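Hi,

Here is the structure I promised to send over.

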Amino acid sequence: MSVKVSRIFHAGYVMECDGIRIAFDPIFENPFSRNCFAYPTVEFDYAAIKNLRFDAVFISHYHDDHCSFDSLKLLNRTTPIYMFCVHEEMFSWIRELGFSNVYPLTLNSSVDIGPFKVISHPALDVDVDSVFEVQVQNLKILNVVDSWLDQETYDGLAKRAPWDLVMWPFQTMRELEVLEPDRAEPSDRKLPSEWLVQLKDLKPKFLIPSSCQFQMEEWSWYNHAFFPISYGDFNQQVQGILPNTKIVNLRPSTSILLSSDELKTGESLSWMKMTGDSQGDYQYQPDLIPPKTSEIAQHFSKLDQKQTSEVLHYCNHGLIEKFREVGPSADMFFNKPRIWKLSLFDQDGKSTDFIYEVKDDVLTLLDESACPPDWNTEIIASKLYSALNTGESLTSLYLRVKKDADVEVIEDPLIRCLFNGEFGSYQKAQLARIKKEESL
């Protein structure tokens with residue numbers, strides 16, 4: 001008896017056996033997370049998705065590219081939802097969405113769904129991520145999602161090698177480097193050495209380069225700066241250490257049939273179809289000169305008067321209050337007063353500048369400064385509005401940091417105020433909007 005493994009896209013999978021169907025991190029949106037477009041491109045049949053019946057859905061963690069209420073709302077509300085999350089309010093929100101069977105996953109414990117035994121293991125970021133082991137038909141399947149393995153988890157999994165199928169994240173996304181391109185060193189396009197060691201010890205018979213499988217807007221410079229690893233790079237480097245492993249580039253909507261002695265092509269998912277080039281690959285350009293924020297801003301919509309007033313009020317007042325709440329940076333660079341310039345760009349590419357003094361946990365708005373800024377932050381007005389009102393993540397804000405100091409970019413005052421200590425802003429905003437829409 002074979003097991004059917006189908007790819008939705010990114011980290012989304014469906015597994016079927018003996019008439020039982022389970023899903024992992026299902027996302028039925030294109031784009032998802034604001035500006036992540038399926039690559040290759042896909043189309044969803046939403047009427048068909050609403051008629052789907054999953055015996056269980058497993059969610060590895062709360063990030064919006066794995067847990068999106070705009071996708072979950074399409075499913076039958078009696079579908080059992082199993083999720084790893086240390087924040088209890090997430091489960092309350094999913095119940096508010098209408099799901100009656102919502103269960104937190106306990107690490108290193110199993111859930112039995114028909115022939116499937118699903119075990120959630122700790123990832124390196126133990127308070128955020130998890131990885132999935134699936135046992136079915138005497139097969140061992142490991143879904144690493146887009147996480148890094150915890151050392152103890154890796155040791156235990158390696159002892160049980162070989163694995164029949166491993167889904168392994170293949171892309172080392174440059175999420176922080178694109179925020180500060182002036183100081184970023186180009187990628188060497190090599191897989192992390194830890195990955196190669198771990199894959200060699202896991203000895204997978206079949207290996208799927210997993211996660212990612214998206215690009216940004218067609219015009220975005222991120223498409224050639226954010227994704228340094230191509231499928232070709234991954235295949236070449238992995239085959240160098242695992243010559244007997246078969247690498248399966250499972251594209252969106254496509255399926256495989258896995259048994260103890262072979263892997264065959266299966267029937268594609270009927271409720272979605274791949275419309276883009278199935279052979280497309282990532283093209284990293286290390287010498288790419290990024291466009292100015294003023295140019296990028298012209299790709300986004302103009303705020304209305306009320307929205308503009310809200311953003312300006314935040315820069316004049318709310319940001320100062322939030323900075324005190326977040327507290328001082330732990331980096332020694334901020335041990336003495338610093339001048340910070342925040343530039344807010346409108347749809348025409350024109351900037352409104354705010355000059356602040358940063359001193360401990362106090363942010364003071366200045367009329368002007370005789371000193372040049374020690375730190376510069378640029379953001380598009382509509383993106384700041386979206387971050388404040390919809391929980392838009394840092395990845396899609398096109399925020400830019402310019403500085404000479406050798407300080408981690410995440411110490412940026414605006415980044416800290418928008419994201420430090422925040423949980424579930426994206427899903428919370430989704431829930432409020434969905435409930436409002438359903439009440440009309």
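**What I found**

Thr245 is buried, with a relative accessible area of 5% (buried means under 20%, exposed over 50%, and partly exposed in between, using a 1.4 Å probe and protein chains only). Before I go on: this is a predicted model, where local features need pLDDT of at least 70 and side-chain atom pairs count only at pLDDT 80 or more, while totals for chains, interfaces and linings use all residues. Residues are numbered from 1 along each chain as its sequence is written, and side-chain values use heavy atoms, with hydrogens and water left out.

Back to Thr245, which is in the loop between helix 6 (231-241) and strand 16 (246-247). Helices (H or I, at least four residues) and strands (E, at least two) are DSSP runs, numbered from the N terminus. A polar atom of the Thr245 side chain lies 2.6 Å from the backbone oxygen of Pro204; a polar contact is a pair of N or O atoms within 3.5 Å, where within protein one must be able to donate a hydrogen and the other to accept it, and residues adjacent in sequence count only if both atoms are side-chain atoms. Apart from neighbours within four places in sequence, Thr245 is in contact with Pro204, Lys205, Phe206, Leu207 and Gln239 (contact means heavy atoms within 4.5 Å).

Ser253 is also worth a click. You'll find Ser253 in the loop between strand 16 and strand 17 (255-258), buried at a relative accessible area of 4%. Leaving out residues up to four places away in sequence, Ser253 touches Arg7, Ile8, Ser268, Leu269, Met272, Lys273 and Met274.

**Aromatic rings**

How many aromatic pairs does a search of the whole structure find? The search gives 34. Rings of Phe, Tyr and Trp (its six-membered ring) pair if their centres lie within 6.5 Å; planes under 30 degrees apart count as stacked, over 60 as edge-to-face and the rest as tilted. One of the pairs is Trp148 with Trp195, tilted, at 5.4 Å centre to centre and 55 degrees between the planes. Trp148 lies in the loop between strand 12 (139-143) and helix 4 (151-158) and Trp195 in helix 5 (residues 193-202), so this pair ties together parts that are 47 residues apart in sequence. Trp148 is partly exposed at 36% relative accessibility, whereas Trp195 is buried at 3%.

Phe333 and Phe334 form an edge-to-face pair, 5.0 Å centre to centre with 90 degrees between the planes. Phe333 is buried at 13% relative accessibility, and Phe334 is buried at 8%. The charged end of Arg338 sits over the Phe333 ring, 3.8 Å from its centre (for this, NZ of Lys or CZ of Arg must be within 6 Å of the ring centre and within 35 degrees of the ring normal). Lys403 lies over the face of Trp375, 5.2 Å from the ring centre.

Most residues other than glycine have a negative phi, and most peptide bonds are trans. Here, a cis peptide bond joins Asn30 and Pro31, with omega about 10 degrees, and the bond from Ala161 to Pro162 is cis too, with omega near 5 degrees. Pro31 is in the loop between strand 3 (20-24) and strand 4 (37-38). Arg34, in the loop between strand 3 and strand 4, has a positive phi near 75 degrees.

Cheers
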